[in-house]
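Subject: Structure for you to look at

Hello,

Here is the structure I promised to pass on. Please open it beside this email and follow along.

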Amino acid sequence: MMTEIDARQRLKFLVGGVSLLALGSCSGGGGGSSPTPTPTSTSTPIDYEPTSGLLRNTYRNNFKIGSAALTPQIDANDPIVDLLKSQFNSMMAEYEMKADVISPSEGVYDFSAGDKLVAFAEANGFELHGHTLLWHSSTPDYFFLGSKDEIKTKLQNYVTEVVTHFKGKVHSWHVVNEVVSDSASETTAPYRNSDWYQAVGSAEYIDWAFEAAHAADPDALLFINEYNTEFEDKRGRLIEIVEDLLDRNIPIHGVGHQCHLDYRDAASSVLSAIDAVDDLFAGLVNHITEMDMSVYGDPGSCWQNETGCDADFGANVPAERLKLQAQIFRDLFNGLILRPSVENVSFWGVSDAHSWLNERPTERTNYPLLFDRNYKAKPAFRAITDSNYVI
């Protein structure tokens, strides 16, 4: 039987992916940017101003520190841009490199949004990561039409065109995103029964994407990116897929762990996911790709139909909840620095003001990131940059 927390995690992304397409929020897929809420204060005023470079320099001998970014933020010179330049050294496209943005019509390509991010990354010394070449929720319908061979040709032509365009500018690609089934009982398990799987009739599309990406840019690192890897059952199916790819010499170089957490999650569960990949002894790289931490602990029903959701804290998030968030982040980073296979840790955004969790699973004020709505560093930031900071 599925437990309440299992239901929460499973529904989080089944519903979250839909919300992204409909509302333009930012949970691993999409078609638009999040609305920008009016800055508000928390119940715990923060007057701490971190020195420039503190976050990235704290982990300079361990891994890059990244964030998802949006071209509207860069174009409008949003305050987030200053924080990116000040504290981060890695970034990824939040939606600008997905198929429904780059090629909504077959054979027609628009790289303008992605090129803006490339220019920003190059101008500011950021390592850039591509998100994502193949995700079922951001794939135009034309990809799925025709015979199996025709689908393969369309997919590989698309991947070749995109990776070639960004060759030498993108350090790694999330080649496939969220291809693991949420349940062992799913008929296609360990694979998600997605539109891709249904159109092809198997998981061969995963091979096609990796092979085309590697051929187009042999120097780029290629990843499978997945959520809920901190849960043992989902992680087991992911490892099964990765082992199969390795056994058949498909060019995969690493695993991305999304890490959309909440205050009830333990750092040890995320570290177990890293260890499971390391225990394959295949030399795979691990990335944390979309990390945030909700201050709410909702039941599955909240994600399914918005019932039973925790009450909105509004501007008065309890200080104890932020302290707990800070402690989990500290425990997690203390574990990550002990694992050499971890080469990048990226957050799904910079400021609480722009998080997708302000809209999902229900419209509510959330506090999942390192900087608050006034773009000030939170206890979580201090916890991971100052070992002497008392939480």
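**A pair on one helix**

Glu 320 and Lys 323 are three residues apart in helix H13 (residues 319–336), so about one helical turn separates them. Helices (H or I, at least four residues) and strands (E, at least two) are DSSP runs, numbered from the N terminus. An α-helix has 3.6 residues a turn, so residues three or four places apart point the same way. Glu 320 and Lys 323 form a salt bridge, with their closest N and O atoms 3.5 Å apart. A salt bridge is a side-chain nitrogen of Lys or Arg within 4 Å of a carboxyl oxygen of Asp or Glu. Glu 320 is exposed, at 55% relative accessible area. Lys 323 is partly exposed, at 36%. Buried means under 20% relative accessible area, exposed over 50%, and partly exposed in between (1.4 Å probe, protein chains only).

Two notes on the model. It is predicted: local features need pLDDT of at least 70, side-chain atom pairs count only at pLDDT 80 or more, and totals for chains, interfaces and linings use all residues. Residues are numbered from 1 along each chain as its sequence is written, and side-chain values use heavy atoms, with hydrogens and water left out.

The whole structure holds 13 salt bridges. In one of them, the side chains of Arg 248 and Asp 207 meet at 2.6 Å, N to O. This pair links distant parts of the chain, 41 residues apart: Arg 248 is in the loop between H10 and strand E6 (254–257), and Asp 207 is in helix H9. Arg 248 is partly exposed, at 39%. Asp 207 is buried, at 11%. Arg 264 and Asp 262 also pair, at 3.0 Å, N to O. Asp 182, Arg 192, Glu 226 and Lys 234 are linked in a network of salt bridges.

Does the length of H9 agree or disagree with what its residues should span? The 13 residues of H9 (residues 204–216) should span 18 Å, and the end C-alpha atoms are 19 Å apart, which agrees. The expected span is 1.5 Å times one less than the number of residues. Buried residues of H9 include Tyr 205, Trp 208 and Phe 210. Among the elements that cover the buried residues of H9 are strand E3 (127–135) and helix H7 (148–165). Contact means heavy atoms within 4.5 Å.

The largest nonpolar core has 99 residues. Such a core is a set of buried Ala, Val, Leu, Ile, Met, Phe, Trp, Tyr and Cys residues joined through side-chain atoms within 4.5 Å. H9 gives the most to this core, with eight residues. A second, separate core has six residues, including Met 92 and Trp 303.

**A disulfide and a buried serine**

The structure holds one disulfide. Cys 302 and Cys 309 form it, with sulfur atoms 2.0 Å apart; the cut-off is 2.5 Å. The torsion about their S-S bond is about 100°, so the disulfide is right-handed. Cys 302 is buried, at 0%. Cys 309 is partly exposed, at 22%.

Ser 103 sits in the loop between helix H5 (99–102) and helix H6 (112–124). Ser 103 is buried, at 0%. Its side chain makes a polar contact with the side chain of Tyr 142, at 2.8 Å. A polar contact is a pair of N or O atoms within 3.5 Å; within protein, one must be able to donate a hydrogen and the other to accept it, and residues adjacent in sequence count only if both atoms are side-chain atoms.

Best wishes
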